[in-house]
Amino acid sequence: PYSFVDETFLSMKGRNELEIKHLLWIAADLKERIKKWNETIRPLEGKSVAMIFQKRSTRTRVSTETGVALLGGHSVFLTESDIHLGVSESLADTARVLSGFVDVILARVNVHDDLKTLAKNASVPVVNGLSDIFHPLQILADFLTLQEHYGYLHGLNLAWVGDGNNITHSLMMAAPKVGINLNIATPKGYEPHTDLRKACAEFAEEHGTSVNYTSDPREACAGANVIVTDTWVSMGQETEAQKRLKDFKGYQVNDELVKVAADNWTFLHCLPRKPYEVSDEVFYSDHSLVWQEAENRKWTVMAVIASLVTDLEPEIPVPKW
Ligand code: CP
């Protein structure tokens, strides 16, 4: 169950509990051994990663470039203005050509189907660096952060407040499998994808966790250990900004809302953040784990890429989940 060799990493949907935990264990191992003990670990020596970005990025780009370098590998950052991506060369042909040069392709795309095309035609693993449907790398960083903070994942109540977007979908594909209960509050018309709700319900039933949907942020946050939100206007939705700001009224995570949360509540946000969705009081509070969460994007993407192309195994004791 731990082998990712020659596979793709497009979503958490097909990853089981053991695989998710194993990736988190590798990430924790790399963080401890490299950051704390200053060890040199270079499983990616001689290996290259193509990083295709159709959209802007700070965290995904920098965490991957620096993480791959730290493990001895090399990355190439490619935007639509650098290569023939879908313009004078089809995506499928680009995938075939890049497969002759690199060991992994990481891609941030506008449309998830483009990732599927890359994965279908590449002979090397393809990693989702964000699509309109999923952002699996973010969820691994979130779980690592929660594991570090609470010392466990199992039994945490996580409230999602905001848009039913790619982060929500990825949480839904992974949280129930590691024992995290989900309470998802979205305005009407912004609910998560119906098919993914069905899959999430099946994962929850299999793992004895709960998933609830509401349009009331207070209901979702009642007793929550973890409150998570994201921008109300994602990249590419700028023309809908005015409507969205109106539709999300009452969804800001602020001092009033967190009053109903559990005493040990924490706050997560994938970033970048706007003040609409979370007040300064919450975002910069001691309950906010956002900087640790951002840093963990690096250790988790390192774990994913190393697991895809090497047989790297963790050395630290397995965490108590
Ligand atoms: N959270 C996240 O994916 O950040 P970037 O858009 O900066 O990569």
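Predicted model: local features only at pLDDT ≥ 70, side-chain atom pairs only at ≥ 80, totals over all residues.
Q: How do I read the shell around the ligand, and which residues surround it?

A: The idea is that a residue counts as near if one of its heavy atoms lies within 4 Å. Here the ligand is surrounded by Ser 57, Thr 58, Arg 59, Thr 60, Arg 108, His 135, Gln 138, Cys 270, Leu 271 and Arg 297. Sorted by class, that shell has two nonpolar, five polar and three charged residues.

Q: Which N or O atom in a side chain lies 2.8 Å from an oxygen atom of the ligand?

A: For a polar contact, look for a pair of N or O atoms within 3.5 Å. An N or O atom in the side chain of Arg 108 is 2.8 Å from a ligand oxygen.

Q: How much of the ligand's area does the protein bury?

A: On its own the ligand exposes 260 Å², and the protein buries 96% of that.

Q: Switching to cysteines, how many disulfides are there?

A: A disulfide is a covalent bond between the sulfur atoms of two cysteines. A search of the whole structure turns up zero. Take Cys 200: its nearest cysteine sulfur, that of Cys 221, is 17 Å away, while the cut-off is 2.5 Å. For Cys 221, the nearest one belongs to Cys 270, 16 Å away.

Q: Is Cys 200 buried or exposed?

A: Cys 200 has 0% relative accessibility, so it counts as buried. Cys 221 is buried too, with a relative accessible area of 0%.

Notes. Residues numbered from 1 in each chain as written. Heavy atoms only, no water. Polar contact = N/O pair within 3.5 Å; in protein donor to acceptor, adjacent residues only side chain to side chain. Areas by Shrake-Rupley, 256 points an atom, 1.4 Å probe, with all protein chains shown as cover. Nonpolar A, V, L, I, M, F, W, Y, C, P; charged D, E, K, R; others polar. Buried < 20%, exposed > 50% of the residue type's maximum accessible area, 1.4 Å probe, protein only.
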